[in-house]
Amino acid sequence: MTKAQIAGWAHSKFGKSEAPDVESLMAEVIAPALDHASVPATDVDGIFVGCFNNGFSPQDFTGALPGMVAAELANVPAVRLENACATGSAALFAALDFIEAGRGKVALVVGAEKMTALPTAQVGDILLGASYHREEADVAGGFAGLFGRIAQGYFQKYGDQSEALAMIASKNHVNGTHNPLAHMQKPFSVEQCNTVTDRNPYVAQPLRRTDCSLISDGAAALVVVHPDVAADLERAIGFRARHHANDVLALSRREPAAFDGARRAWAGALEGAAVTLDDLDLVETHDCFTIAELLEYEAMGLAAPGRGADVIREGITARDGKLPVNLSGGLKSKGHPIGATGVSMHVMAAMQLAGEAPEGMQKSGASMAGVFNMGGAAVANYCSILERVK
């Protein structure tokens, strides 16, 4: 099967943006992404937009917004995808399917979200739309409360891992200082992250503020093309393999800390790529909460169940470790504008493979990367194995 390739990208600064809405955020990345790929807007055959919304904005029907940003795109077939926090990856995978099915040769993928215009409590209510409302809508602390429950169950089974979570938070914040696009570019020590204070209170025990990703605005875009098109362009980042696996929405009907869907997504992608974790130079993974990154260590096969803390303690995922994880700062430092996140993660990995990451963030000689993005509490799980083609 012919596999589509990434030819270019663009990424806004994540954080509290002065851009008034999602349309304005998209305008920051659409033309730059096409320019980066050296592809004119008139060559785009399909547009795939990732935007969660669910109340963040009164403007829905976001699939049509790229046509408002660029007149040349107004008549291009466009669709909006939503899959909770994996919305961006859902849009990307749909674009890849579009190219690989022979329906077009150039696709534009845009992920965007404007979150900071609303009060924090309202943001929490909106995000709980990605939970199983019948059972989980009243969880105290919103989605942090759900992951707090997951952490509590894990701690009860395997012991208190608060220090390991603080080590993950510190690692990602230090990494984020090297990413000029990150929401928070401020280092935190393990001690700061592991100490409960007025500035670092419990959000949903045992999770502290430093264990939780940021409420952010932002956008990211990718241009994906048929290999015939990529052959004439400057760069090509290929998908050695990709896999999408789902799990049951209700936490009550599965073992929450098992992250079985994530495990199957990783296993499917690694098998499809005919590689192991030893072949990867880096991973961008979904650290919406530090407990998620720890559980993803186990899901990807870096550690046995209950031994995820060993991975961070042994420095395996440090920037100079055997398998650096979240050199971008991850969601924890880079930010987590829902619709943009999956696209952003792929941009960050592609930058590394193309040797175009910011100075200080670039891993020398990187040729293969893993990306894991999930929606909900490991319900919709997307894993990509990317490699540099040229």
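Helix H7 gives the second largest pocket the largest share of its lining, seven residues. Helices here are DSSP runs of H or I with at least four residues, numbered from the N terminus. A pocket is found on a 1 Å grid over the protein atoms alone, as an open set of points where a 1.4 Å probe fits, with protein on both sides within 12 Å along at least five of seven lines; its lining residues have an atom within 4 Å of a point.

Before we go on, remember that this is a predicted model, in which local features need pLDDT of at least 70, side-chain atom pairs count only at pLDDT 80 or more, and totals for linings, chains and interfaces use all residues. Residues are numbered from 1 along each chain as its sequence is written, and side-chain values use heavy atoms, without hydrogens and water.

Let's stay with the second largest pocket. About 250 Å³ of space lies in it, a volume being the space filled by probe spheres set on the grid points, which are joined across faces, edges and corners. Its lining has 18 residues, with Ile150, Glu255, Pro256, Ala257 and Ala258 closest to the centre. Helix H6 (133-136) and H7 each give two or more residues to this lining.

Now turn to the largest pocket, which holds about 1,100 Å³ of space. Among its 39 lining residues, Val203, Arg209, Cys212, Ser213 and Leu214 lie nearest the centre. The largest share, five residues, comes from H5.
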